Amino acid sequence: MVANNTIPFNGTPEQEARLSAVIARHKGARGALIPVLHEAQEIYGYLPIEVQKMVSEGLEVPLAEIYGVVTFYTQFTTKPKGEYKIAVCLGTACYVKGSGDIIDRIKARIGLEVGDCTPDGKFSLDATRCIGACGLAPVMTVNDDVYGRLSLDDIDGILDNYMK
Amino acid sequence: MEGKVVTMNLVRSHVLICGGTGCTSSGSETLIAEFDAQLKKAGIEDEVSVVKTGCFGLCALGPIVIVYPEGAFYCRIKPADVEELVREHLLKGRIVNRLLYEEATGEREVKPLSEVQFYKKQLRIALRNCGVIDPERIDEYIAFDGYKALGKALTEMSPEQVIETIKKSGLRGRGGAGFPTALKWEFAAKQPKGVKYVCCNADEGDPGAFMDRSVLEGDPHAVIEAMAIAAYAIGSEQGYIYIRAEYPIAVKRLRIAIEQAKEYGLLGNDIFGTGFNFDLDLRLGAGAFVCGEETALMTSIEGHRGEPRPRPPFPAVKGLWAVPTILNNVETYANVPRIILNGAEWFADIGTEKSKGTKVFALGGKINNTGLVEVPMGTTLREIVEEIGGGIPNGKKFKAAQTGGPSGGCIPMELIDTPIDYDSLLSIGAMMGSGGLIVMDEDSCMVDIAKFFLEFTVDESCGKCAPCRIGTKRMYELLEKITSGKGEVSDIENLRTLAGSIKATALCGLGQTAPNPVLSTLRYFEDEYMAHVAEKRCPAGVCKDLLQYTIDKDKCKGCSICAKNCPVGAISGEVKKPYVIDPAVCIKCGVCEGKCPFKAIARK
Ligand SMILES: Cc1cc2nc3c(=O)[nH]c(=O)nc-3n(C[C@H](O)[C@H](O)[C@H](O)COP(=O)(O)O)c2cc1C
Ligand code: FES
């Protein structure tokens, strides 16, 4: 999983300082690992092995355990996300209204599999569960923009907005 | 107008704008900004107060704006409409009819919400404050009797009396299984004194449901108050709310609410001067369905992979960090303050013999009024679908409703008059679940739906026990085989056998209930499975491998739109003559069907 990361890790000293502060704040508290990982992912955008190592050393938790936790929860990702994070809701309400076809269309259009990021770092594609906007099903989001009541014909136009 | 009596700080109108996730997605934040700007421009910003509330329930028609005192219910409001609303309604007192909610009958008029078809059969207890108060202001919650129940419990009742009241009310868990809430509290209360925890399950894993999130977004203090009451009942001083990280608005409102409660001395030490201490923290989930299961949830709070533990010991005896712990669902808690205030009898009078009170459902799928509804237990599915839900769009026929998400089952047309309560649903092979209610019409394939849920469980199985890890995968493969046209009749029997073994041997509720979507669709729609297997046909026209797109020669006018839009060049022909689709090239994406102006393309 880690080996086929195409984008090299390039964390900055600022990020590292922020992470150290987070670790210092939580160290010693029971159940600290998951809150720390949440904050680490906020800082770096994802949790590559390099970040996991820093957390491991900081919290004095074995790396194997951290890797186990990171890969268990789908919120944590070891791959970077794109500049534009496309997420299609595959919750039941959206699925019944055809979001499966929507995601197929997006995959075909930008040549991505779910969970991946384009090599230029521009787009990543995720399938999510109900985002609570079932009234607008089927729903997709691009970063913070929500698009609802989608039909297949809308997809190209939406993606075009971000292609420029 | 009452313009003359208005003083600078007396507000004459309230504009309630839904700030729930559904309406926020439809743009209610910009709407609020636009109202502020327009009110200022009209110079009436001190006379009209704009309140951002929780969910009104009718998400399909969002963003929703209600203007009081008239109670005008405006739907699908766009920023461009705001100027008119301010000028006409708020300045001149003239209702803007064209923006009012329109009943199925076509009438638009101002009437009390309780008279609107969507709300008529509803009874809002858990959702009582959603869409009524500003969830980010504790004073509004207090103005609606907030924290009065906690005060009553702490100063007038013993812990035993609290538990007795809950017991008499008949409240059962709303998280899915329907376990009597008071029993759990009683077990935990009877454990020796010492550290105990009170937890709230806000993981809401059912992939098509958002009841708990709406309660937390619209009325976070109700859950905080109830957890404090529960803590008093069992002798705990610390609580945790385990909430999905995917719910940023709910997380934010909870954080604000906890801060405010601490400021007001309603959390912390010596609450109401009674010597009772209670503190509350949030723990964010990280996207694992199994963490909604109680023991897995506790393992996750402890900072590990959220794998379930065998029970017994039950959490009430040995839970979080191995001490007695109670865990209840958000909606379960949301009922508690009202029960304490209004009394057990009041609550026990609502609902059916064994299922008391109300249940909130997230109504979705092929239904006109998608959104959030709260109905007394015992309401029939027909009432929910036809009266509250406003029926099925596009004149299609109801086929089935799915409840209980990946653990649940479906209710077919012939059982649409089943009263919805815990026991009736179980007896027909479905379950109450946490409240996802997805309506399906004739265009939904039941085999495909079963496969959808199995794919979900395969994905979410934590892998700890073999029946769930391997068994659900095998079931999924069989469904794949059937929906891709390679199924055999024996596969149906194999599905049943596998389902039986998984149910009997899986470690936790996830595996034990995973076969339900398959078993219940097999029970009511076996003919549909047979059509896939024996005739290699998908009656609903969903399973792509069993479909063929064809052009009706008589309807095709040879306009060439389909050929131009086909992404793989599978359509050919001469302009003004009927076109044809090459099945070997066609990827069955359905684009041509949508584009054809003459409806000449059929899917079979
Ligand atoms: C796989 C699985 C997932 C669950 N997910 C949830 C959930 O998301 N929310 C919830 O409240 N209960 C969920 N439950 C039920 C909880 O285990 C537990 O019964 C419930 O939170 C207890 O609260 P209640 O008695 O108030 O319903 C789940 C159970 C299982 C087996
Ligand atoms: S199922 Fe997609 S938003 Fe709820």
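Trainee: Hi! How many nonpolar, polar and charged residues does the shell around ligand 1 have?
Mentor: Hi! By class, that shell holds three nonpolar, nine polar and six charged residues. Keep in mind that we're looking at a predicted model.

Trainee: Noted, thanks. How many residues surround ligand 1, and which are the closest?
Mentor: There are 18 residues around ligand 1. The closest are B:Gly175, B:Lys184, B:Gly205, B:Asn329 and B:Thr332.

Trainee: Let's take B:Gly175. What does its backbone do with ligand 1?
Mentor: A polar backbone atom of B:Gly175 is 2.7 Å from an oxygen atom of ligand 1.

Trainee: And B:Lys184, how far is its polar side-chain atom from an oxygen atom of ligand 1?
Mentor: That distance is 2.8 Å, with the B:Lys184 contact coming from a polar atom of the side chain.

Trainee: What about B:Glu294, where does its backbone N or O atom lie?
Mentor: For B:Glu294, a backbone N or O atom lies 3.1 Å from an oxygen atom of ligand 1.

Trainee: Good to know for setting up a pose check. How much of ligand 1's accessible area does the protein cover?
Mentor: On its own, ligand 1 has 610 Å² of accessible area, and the protein covers 88% of that.

Trainee: Which pocket is ligand 1 in?
Mentor: Ligand 1 sits in the second largest pocket.

Trainee: Which elements give two or more residues to the shell around ligand 1?
Mentor: Two elements of chain B do: β9, spanning 325-329, and α20, spanning 509-513.

Trainee: Which one gives the largest share?
Mentor: That would be β9(B), with three residues in the shell around ligand 1.

Trainee: Let's zoom out. How is chain B divided into domains?
Mentor: Chain B has domain 1 (13-113), domain 2 (138-348), domain 3 (358-441), domain 4 (446-534) and domain 5 (548-603).

Trainee: How far apart are the C-alpha centres of domain 1 and domain 4 of chain B?
Mentor: Those two centres lie 47 Å apart.

Trainee: Now chain A. What are its domains?
Mentor: Chain A is split into domain 1, covering 4-72, and domain 2, covering 84-163. Their C-alpha centres are 29 Å apart.

Trainee: How many helices and strands does chain A have, and in what order do its elements run?
Mentor: Chain A has seven helices and four strands. Starting at the N terminus, the order is α-α-α-α-β-α-α-β-β-β-α.

Trainee: Last one: what box do the C-alpha atoms of chain A fill?
Mentor: Along the principal axes, the C-alpha atoms of chain A fill a box of roughly 50 × 30 × 25 Å.

Terms used: Residues are numbered from 1 along each chain as its sequence is written. Chains are lettered from A and ligands numbered from 1 in the order in which they are written. This is a predicted model: local features need pLDDT of at least 70, side-chain atom pairs count only at pLDDT 80 or more; totals for chains, interfaces and linings use all residues. Side-chain values use heavy atoms; hydrogens and water are left out. A residue is near a molecule or strand if one of its heavy atoms lies within 4 Å of it. A polar contact is a pair of N or O atoms within 3.5 Å; within protein, one must be able to donate a hydrogen and the other to accept it, and residues adjacent in sequence count only if both atoms are side-chain atoms. Accessible areas come from the Shrake-Rupley method with a 1.4 Å probe; for residues, only the protein chains shown count as cover. On a 1 Å grid over the protein atoms alone, a cavity is a set of points where a 1.4 Å probe fits but cannot get out, and a pocket is an open set with protein on both sides within 12 Å along at least five of seven lines; lining residues have an atom within 4 Å of a point. A molecule sits in a cavity or pocket if more than half of its atoms lie within 2 Å of its grid points. Ala, Val, Leu, Ile, Met, Phe, Trp, Tyr, Cys and Pro count as nonpolar, Asp, Glu, Lys and Arg as charged, and the others, Gly among them, as polar. Domain bounds come from an automatic or database domain assignment.
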